[in-house]
Amino acid sequence: MSNEYISLESKNLSRLHFDLRYVSMHKYEGDWQSQPHTHHFTELFYVIDGKGVFHIEDSLIPVKAHDLVIINPHIEHTERTKTRSPMEYIVFGVDGLAFSFHDAPEEAPKNYGYYSYSSSQNHVVDFVQIMLKEFHDKQPGFEILCMSLLQVLLVYLAREQQLSIMSDSTFRISRECALAKRYIDANYAQNINLDTLAEITHINKYYLAHTFTDCIGKSPISYLTDTRLKASMELLINTNLSIAQIASCTGFSSQSYFSQIFKKVVGKTPQQYRKTNDKNAGP
């Protein structure tokens with residue numbers, strides 16, 4: 001007789017506190033059109049039949065039978081069907097978790113996932129159809145059964161699509177850090193401070209400073225300064241603007257402060273940097 005013992009370690013999923021809010025089936029029959037909206041929970045859509053398009057923030061995702069779409073909390077989205085091939089899908093909402101999609105850079109995380117399955121990869125729809133029936137019948141213990149099936153389904157998804165599952169509060173923080181970064185990238189020439197970023201992201205400024213440093217690798221103000229310096233380097237090389245003009249249009253409070261920070265970080269004064277990198281200078 002031989003015995004094999006397999007040790008199961010506690011993983012992140014088992015430490016998350018999440019709840020299955022609902023499971024429902026939808027079929028377009030020309031009587032309803034979804035409008036852009038958001039939820040404070042994650043939604044997972046599995047297309048049973050037909051064709052359609054998901055509008056998720058600025059992206060358009062064509063879908064067909066056996067496609068899976070995952071949308072994180074607080075992400076604006078809507079779905080449209082193809083008139084000649086009405087879309088039928090199952091959707092369920094899950095409180096307390098979000099997904100990290102590894103095909104997007106950390107500083108600008110993608111907020112949705114799209115996956116195409118063949119008809120033979122039917123465990124996704126099998127699990128969800130069982131949950132749908134349990135929700136409809138409401139037999140004793142249906143909540144426990146649905147939550148257990150959800151956990152199994154999430155393990156399958158994380159394994160097959162190489163997804164990380166995290167708490168929705170962690171997702172919110174990482175998303176708001178990305179929002180602060182994008183705001184700095186687009187508005188570095190403006191007067192920006194921690195209060196500005198806290199107002200934009202709706203996070204306490206001290207907490208934002210801490211989490212931004214964890215997410216991006218430097219504090220918001222350091223990132224702002226670096227962004228301004230990179231922009232000033234481009235202007236020094238590619239324009240004839242004066243040092244004072246460059247300082248002003250990249251957000252520095254004065255020419256002297258700009259020159260001081262530039263020398264400290266770059267190791268040269270703005271004038272020296274411009275002369276060293278002058279493309280029209282002779283040998």
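Predicted model: local features only at pLDDT ≥ 70, side-chain atom pairs only at ≥ 80, totals over all residues.
Me: Okay, how many helices and strands does it have?
Reply: The secondary structure of the chain consists of 10 helices and 10 strands.

Me: And how much of it is buried?
Reply: The chain has 283 residues, and 41% of them count as buried. As for the surface, the chain exposes about 16,300 Å², with carbon and sulfur atoms supplying 50% of that area.

Me: Which residues touch the most other members in the largest nonpolar core?
Reply: That core has 30 residues, and those touching the most other members are Leu20, Val23, Ile70, Phe92, Phe99 and Met131. The elements that give two or more residues to this core are the strands β1 (19-27), β2, β5 (67-71), β7 (88-95) and β8 (97-100), together with the helices α2 (123-137) and α3.

Me: Which of those gives the most?
Reply: Helix α2 does, with 7 residues in this core.

Me: What does Phe92 touch, leaving out its neighbours in sequence?
Reply: Once residues within four places in sequence are set aside, Phe92 is in contact with Leu20, Tyr22, Val23, Thr42, Glu43, Leu44, Val128, Leu150 and Leu153. There is also a second, separate core of 14 residues, and Tyr28, Val47, Val63 and Val69 are included in it.

Me: Thr42 was in that list of contacts. Where does Thr42 sit, and is it buried or exposed?
Reply: Thr42 belongs to strand β2, which covers residues 42-49. Thr42 counts as buried because its relative accessibility is 0%, and the cut-off for buried is under 20%.

Me: What does the Thr42 side chain reach?
Reply: The side chain of Thr42 reaches the backbone oxygen of Leu97 at 2.7 Å. Beyond its neighbours within four places in sequence, Thr42 is in contact with several residues, including Ile70, Ile71, Asn72, Pro73, Gly93, Val94 and Phe99.

Me: Switching topic: how do helices α7 and α9 pack?
Reply: Helix α7 (residues 220-238) and helix α9 (residues 255-266) pack at an angle of about 95°, and their axes are 11 Å apart. That angle makes α7 roughly perpendicular to α9, because angles of 65 to 115 degrees are counted that way.

Me: Which residues make the contact?
Reply: From α7 they are Thr225, Leu229, Ser232, Met233 and Leu236, and from α9 they are Phe258, Ile261, Phe262, Val265 and Val266.

Me: Tell me about Thr225: is it buried or exposed, and what does it touch?
Reply: Thr225, which is found in helix α7, counts as buried because its relative accessibility is 19% and the limit for buried is under 20%. Not counting residues up to four places away in sequence, Thr225 touches Phe252 and Ile261.

Me: Now backbone angles. Which phi does Glu57 have, and where is it?
Reply: Glu57 has a positive phi of about 50° although it is not a glycine, and Glu57 lies in the loop between β3 (52-56) and β4 (59-63). Its relative accessibility is 38%, so Glu57 counts as partly exposed.

Me: What about His66?
Reply: His66 is not a glycine either, and it has a positive phi of about 75°. The place of His66 is in the loop between β4 and β5, and with a relative accessible area of 25% His66 is partly exposed.

Me: What happens at the ends of α5?
Reply: Asn193 caps the N-terminal end of α5, with a side-chain oxygen lying 3.0 Å from the backbone nitrogen of Asp195. Just after α5, His202 takes a positive phi of about 65°. Within the helix itself, residues 194-201, the buried residues include Thr196, Leu197, Ala198 and Thr201.

Me: Last one: how far is Leu163 from Ser100 in space?
Reply: Their C-alpha atoms are 6.1 Å apart, while the two residues are 63 apart in sequence. Leu163 lies in the loop between α3 (142-161) and β10 (164-167), and Leu163 is buried, with a relative accessible area of 8%.

Notes
Residues numbered from 1 in each chain as written. Heavy atoms only, no water. Helix = DSSP H or I, 4+ residues; strand = E, 2+ residues; numbered from the N terminus. Buried < 20%, exposed > 50% of the residue type's maximum accessible area, 1.4 Å probe, protein only. Areas by Shrake-Rupley, 256 points an atom, 1.4 Å probe, with all protein chains shown as cover. Polar contact = N/O pair within 3.5 Å; in protein donor to acceptor, adjacent residues only side chain to side chain. Contact = heavy atoms within 4.5 Å. Core = buried A, V, L, I, M, F, W, Y, C linked by side-chain atoms within 4.5 Å. Axes fitted to C-alpha atoms, helices over the stretch in contact; angles between N-to-C directions. Parallel < 35°, antiparallel > 145°, perpendicular 65-115°, else oblique.
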